[in-house]
Amino acid sequence: MTRSQAVNPNVCGVTAAIAVIDGKWKTSLLWLLEAGPHRPAELRRRLPGLSEKVLTQALREMESDGLVHREVHDVLPLKTVYSLSDFGRRLSDALGPVSDLGYERLGRMAAEQAGQVAQVELSAS
């Protein structure tokens, strides 16, 4: 899915919604910002492996899509804080049931793996 497809009025609404969170880090950023405003450095610390360049790009895209609000405080050094916009909060709320399904799936997979380990241990003895 490309971002350009999401502006096409002939695409499915789900496609348009998913386009704004498409990518490796955007759902994690959305999840962290649910808890409240964060500075970019805080977000990077909470997401190991996320480079400053990719963080900046993701936050800019999320801001242009109306998911986050960027507030720059006029102090030295400049202080930038990101928070969810109303639209971002609505999207986050809508993704709650999807998240619940994901955790259910992870639990099922863990139970299946535990069962497989137990079967291997029983057959080894």
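By class, six nonpolar, two polar and six charged residues line the second largest pocket. Ala, Val, Leu, Ile, Met, Phe, Trp, Tyr, Cys and Pro count as nonpolar, Asp, Glu, Lys and Arg as charged, and the others, Gly among them, as polar. This is a predicted model, where local features need pLDDT of at least 70, side-chain atom pairs count only at pLDDT 80 or more, and totals for chains, interfaces and linings use all residues. Residues are numbered from 1 along each chain as its sequence is written, and side-chain values use heavy atoms, with hydrogens and water left out.

Stay with that pocket. It is lined by 14 residues, and Pro40, Glu52, Thr56, Thr80 and Tyr82 lie nearest its centre. Helix 3 (40-46), helix 4 (52-64) and strand 2 (79-84) each give two or more residues to its lining. Helix 4 has the largest share, six residues. The volume is about 300 Å³.

Terms, quickly. A pocket is an open set of points on a 1 Å grid over the protein atoms alone, where a 1.4 Å probe fits, with protein on both sides within 12 Å along at least five of seven lines; lining residues have an atom within 4 Å of a point. Points are joined across faces, edges and corners, and volume is the space filled by probe spheres set on them. Helices (H or I, at least four residues) and strands (E, at least two) are DSSP runs, numbered from the N terminus.

Now Thr80. This residue sits in strand 2. Is Thr80 buried or exposed? Thr80 counts as buried because its relative accessibility is 18%. Buried means under 20% relative accessible area, with a 1.4 Å probe and protein chains only. Leaving out residues up to four places away in sequence, Thr80 touches His38, Arg39, Pro40, Arg70, Glu71 and Val72. A contact means heavy atoms within 4.5 Å.

Next, the largest pocket. Its volume is about 430 Å³. There are 17 lining residues, with Thr27, Leu30, Leu95, Gly96 and Ser99 nearest the centre. Helix 1 (13-19), helix 2 (26-34) and helix 5 (86-124) each give two or more. Helix 5 supplies the largest share, eight residues. The lining divides into 11 nonpolar, five polar and one charged.

On to helix 2 itself. Lys26, Leu29, Leu30, Leu32 and Leu33 are buried there. Seen down the helix axis, those buried residues fall within an arc of 165°, so they line one face of helix 2. The arc is taken from the directions from the axis to the C-beta atoms. After helix 2 comes Gly36, with a positive phi near 140°.

What about the largest nonpolar core? A core is a set of buried Ala, Val, Leu, Ile, Met, Phe, Trp, Tyr and Cys residues joined through side-chain atoms within 4.5 Å. The largest one has 19 residues, and Leu29, Leu43, Leu67 and Val68 have the most contacts inside it. Helix 2, helix 4 and strand 2 each supply at least two of its residues. Leu43 touches Leu29, Leu32, Leu33, His38, Leu55 and Leu59, again not counting residues up to four places away.

One backbone point. Leu76 and Pro77 are joined by a cis peptide bond, with omega about -10°. Pro77 lies in the loop between strand 1 (68-73) and strand 2. Most peptide bonds are trans.

Last, the whole chain. The secondary structure comes to five helices and two strands, in the order α-α-α-α-β-β-α from the N terminus. Of the 125 residues, 24% are buried.

How values were computed: Buried < 20%, exposed > 50% of the residue type's maximum accessible area, 1.4 Å probe, protein only.
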